[in-house]
Amino acid sequence: NLQFGPYDGMVGSFFPSMVLSESALNHFAQCPQHFLFQRLFHLEPLDEITEEVERSEMGSYVHEILQIFLEDWVRLSPAAIAEGNFDDARLLMLNAAKKVLQKQDKAIEYVMWDHKRDRLLAGLEEKESPVRPGILRKFLEFEVEKARRGFVPRKAEKQFGYETPVHLGATKIRGKIDRIDEIKDREFGKTIGMMFFDYKTGRVP
């Protein structure tokens, strides 16, 4: 009788002894055999030589910038990002972006890197929003809209399941929440809920 096991991509028996992240679960759902090769055998594809910055790399830069910005914002201010403090948020975002991108400037020599960096920073160095604001400026403008609905940032990069794994049935999971917001009632100021965010600059899984 033909039987399939872990070496054929049927890795369910491994799950009780593993602690899986959301990305690992998504990886398994998309292709169990690829999950086996990469997550269990630790095999990686050969890097392709390219002169273009990959979308995933740009997404990593944006993620790091937002983490630094939000950690600084939550530490310095208990308030939401609104019209009254927008300029403070803009300058804080600009500092976070320069901190991350200057480090990358020295490490990479991609074709069009200067253009991509300038597009990312568009709208952070001037008070008025340009005709084509970059993603970081758009992020801040969206924050103003969220503040009108009572959203207040409270935590960035919150880990869960690392010290004590969270159980999803027989599967143990862990991960990081990119951001946690408190939702306040606009009339009475009371907390009415919490919102959890996972940033994506590309395709939603």
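This briefing walks through the sheets, helices and core of the structure above.

The model is predicted, so to speak of local features a pLDDT of at least 70 is needed, side-chain atom pairs count only at pLDDT 80 or more, and totals for chains, interfaces and linings use all residues. Residues are numbered from 1 along each chain as its sequence is written, and side-chain values use heavy atoms, with hydrogens and water left out. Helices (H or I, at least four residues) and strands (E, at least two) are DSSP runs, numbered from the N terminus.

**The antiparallel sheet**

- Let's start with β2, β5 and β6: in that order, these three strands form an open, antiparallel sheet. Two strands pair if DSSP finds at least two bridges between them.
- The edges belong to β2 and β6, each of which pairs on one side only.
- From one strand to the next, the twist averages 25°. For angles like this, axes are lines fitted to C-alpha atoms (for helices, over the stretch in contact), and the values run from 0 to 180 degrees between N-to-C directions.
- β2 (residues 151-160) and β5 are joined by eight bridges; Lys-158 sits opposite Ile-177 in β5, and Gln-159 has Lys-176 as its bridge partner.
- Eight of the 10 residues in β5 (175-184) are buried, where buried means under 20% relative accessible area, exposed over 50%, and partly exposed in between (1.4 Å probe, protein chains only).

**The mixed sheet**

- Another open sheet has three strands in the order β1-β4-β3, with mixed pairing.
- β1 (19-20) and β3 (166-168) are at the edges with a single partner strand each, so one side of each has no neighbour in the sheet.
- β1 runs parallel to β4 (residues 171-173) over two bridges, and Val-19 is opposite Lys-172.

**Helices meeting sheet and helix**

- α6 lies across β2, β5 and β6, at about 45° to β5.
- The axes of α3 and α5 come within 12 Å and cross at roughly 35°.
- Met-58, Tyr-61, Val-62 and Ile-65 of α3 meet Trp-113, Lys-116 and Leu-120 of α5. Contact here means heavy atoms within 4.5 Å.

**The core**

- The largest nonpolar core has 29 residues, and those with the most contacts inside it are Ile-65, Phe-69, Met-93, Leu-124, Leu-136 and Leu-140. Such a core is a set of buried Ala, Val, Leu, Ile, Met, Phe, Trp, Tyr and Cys residues joined through side-chain atoms within 4.5 Å.
- α3 (55-76), α4 (86-105), α5 (113-121) and α6 (135-148) are the elements giving two or more residues to this core.
- Neighbours within four places in sequence aside, Met-93 touches Ile-65, Leu-66, Phe-69, Leu-124, Leu-136, Phe-139 and Leu-140.

**A buried lysine**

- Is Lys-146 buried or exposed? Lys-146 counts as buried, because its relative accessibility is 3%.
- Lys-146 belongs to helix α6. Leaving out neighbours within four places in sequence, Lys-146 contacts Phe-151, Arg-179, Asp-181 and Phe-197.
- Lys-146 and Ile-183 are 37 residues apart in sequence and 9.6 Å apart in space, C-alpha to C-alpha.
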